[in-house]
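Trainee: I would like to go through some of the labels used for this model and ask what stands behind each one.
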Amino acid sequence: MHGALLALLLVSAPPTVGYVVSIETKTWEPIDLKDVERFLNAAATVPIASSGALKLAPSTFGELKNSDYTLLIQGRFIEEAEKFSVYLTFGPGKRSDLPSLHVSNTASIGQRPRTEMQRLMEELAAGAAKRLFAVLEPLLHDVQASAAPAPVGAAPLPWDWGTIEIPDVKKPTALVAKLLDVRHKDYERLTAMREIAGHAFDQPVARQALELCMLRDPLPEARQRCAEALEPVARNRSETQRLFLYAMRNEFDANVLKAENKIAGSFVGLARKETLETWLELVSSDATPADAADDVAQLLAKEGEVPNLDLAVARCLQQESLAWGKKHACAQWLLGHVPEARRKAVVWRYLESIGVGTAGDSLTFDEITDHLYRGRDRMDAKAAELFLTLAERHAAWTVRKKAIALAGNNPKPTREFALRLLALVRDPDMSGWAVRAISEVGGRDPEIKQVLLAGLKKTAAEWHCVLCGHRGEPDREIADAIKRLEYRKN
C-alpha cells in the first residue's frame, strides 16, 4: 500500500523550475541592483508558484539545466527614457515537452520617489508572470495528463512593448528642418540627411531627426538611409534600439525592412530578446510584406527553437493575408524547429481551415506534411480523418489528392471512415486516388476489408464514370482493387 501511495505522490509531484534573477543597466541605477533583484524575485515568482502546478527553486546560470524547466527573470533599466522593462523567459531544462515562452512588460519609472518606482517594477513583474502562466497553464495540464497538445490558436503573442515615445524635435537646425519637411525635393532632404548623420552620436537633435525620419518619412529610400545612419547609435543606446524595432514592426517596404533586419541582428543582451520577438511578430503579422516575411523567417531559422516560436508559427499559418508566400515561409523555414511532439498542434488549425484552392495551399501543405510524416510512420487516426475531410472538401482542390493519399495511412480505420472513402470513389476528380487509399486501408483490418470489398463491388455494378475522360480508368482500377483485397491476407 505504501509503495502505491508513494508512486502516486511521485507521479503527481509538480515539476521543478530553476530560476535566476538578473538586472541589466549601463549608467542609470536609481535603486540598488541587489534590491531590485530581491523584489523582482518575489513579485515574479508568487503568481507562478501559488498555483502549485510548478515548484520554483532559485538557481544559478550554471545549474539551471539541472531542473525540469528553467525561468529567467530579467530587468532592464532604459537610461535616457527612464523606463524599466521586465522579461520572463520559460524554457526547457531536463524536460523539453513544453514550448519555450517569453513575455515582457515596460513602463516609465523616472521622476518618482523610490517607493513608487519599486511599486511600478513589482507590478510589471507580477503582470508579466500572470501573462506567462496564463499561456503556460493549459500546456502544462496537457503534459501532466499525458494528453496530446491542444491545437494552438492564433492569439496575439504574449509580449507587451509598453509605450513607445516618438522623438519630438523642438528646436530644429536648418538642416534638420530641411530633412523633416517633405515639401523639399527628395535629393535636398537626402543631402541634408547625409550631413546630419555624422552628428547623431553627439547631438540629440541630429539623432532625433534621424529617428523621426526612420519612423515617418514617406520615402522608403529616406527611411532606409536614416536607419543605416543610426546603426552606430543603435548598437549602444537602449531607447534608439526600441525605436528601431518599433520602426521594423510598422515598416511596409520589404527593402527597408531587410536593411533594418541586418542592423537589428547585431543587437546584444536583452535587446537581442526584443529583436527576436520583433521578428516573431513580423512573420505572424498580416501586415508584413511577403518578401520581407521570407527574409525574417530565414533569420529566425538560424536561431533554432526560440521562445514563442510555436505561437508565432501557428499565428502565421492562420493569418488572413492572401500572400501565400508568408505561410509557406513559416512552414518551410520555421516549422522544422518546433519539436516533433508539438508540430501537429501548431499546424492543426491551419489544416482544418484550408478551403480556397491556390498554389500556395499546395506548397504550404507539402512543407507541413513533410515535416510531420515524411520518413516516419506516425500517422494517427485523428489526423487521417482530418486529411479525409480535406479530400472531401471541393474548395480545397489543390490538396485533395495529397490529402487522401495521407488518409490512406490510417492505422485504425473505422466503418464510418471506410464508407467515406467509398463515397469518394464516385467523385470523378478523386476516383482513382480513393481506390488506391482503399487498397491501403483494406489491408489493416479484416472487418473493414469486407466493408470496402462490398462497397467496391456495389460501385462496380451500379456506377460508370462518364465524366472521367483523361482522369484515368476507374472501372479497371476498381476491378484491380477488388482482386487485391480478395487475395490479401489480413
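Mentor: Start with a definition: a helix here is a DSSP run of H or I with at least four residues, numbered from the N terminus. Keep in mind that the model is predicted.

Trainee: Which helix gives the largest share of the lining of the largest pocket?

Mentor: H15, with 6 residues. Helices H3, H13, H15 and H17 each supply at least two residues of that lining. The pocket has a volume of about 700 Å³. Of its 30 lining residues, those closest to the centre include Pro 151 and Ala 345.

Trainee: Why is Ala 174 called exposed?

Mentor: Exposed means over 50% relative accessible area. Ala 174 has 66%, so the label applies. This residue is found in helix H4, residues 174–180. Ala 174 and Pro 151 are 23 residues apart in sequence and 57 Å apart in space, C-alpha to C-alpha.

Trainee: What makes the pair Lys 326 and Gln 319 a polar contact?

Mentor: The cut-off for the N or O atoms is within 3.5 Å. The side chains of Lys 326 and Gln 319 are joined at 3.1 Å, so the distance meets the cut-off. Lys 326 also touches other residues, among them Ser 285, Asp 286 and Cys 316.

Definitions and conventions: Residues numbered from 1 in each chain as written. Predicted model: local features only at pLDDT ≥ 70, side-chain atom pairs only at ≥ 80, totals over all residues. Heavy atoms only, no water. Polar contact = N/O pair within 3.5 Å; in protein donor to acceptor, adjacent residues only side chain to side chain. Contact = heavy atoms within 4.5 Å. 1 Å grid on protein atoms, 1.4 Å probe; cavity = no way out; pocket = protein on both sides within 12 Å on 5 of 7 lines; lining within 4 Å. Points joined across faces, edges and corners; volume = space filled by probe spheres on them. Buried < 20%, exposed > 50% of the residue type's maximum accessible area, 1.4 Å probe, protein only. Lists of a residue's contacts leave out its neighbours within four places in sequence.
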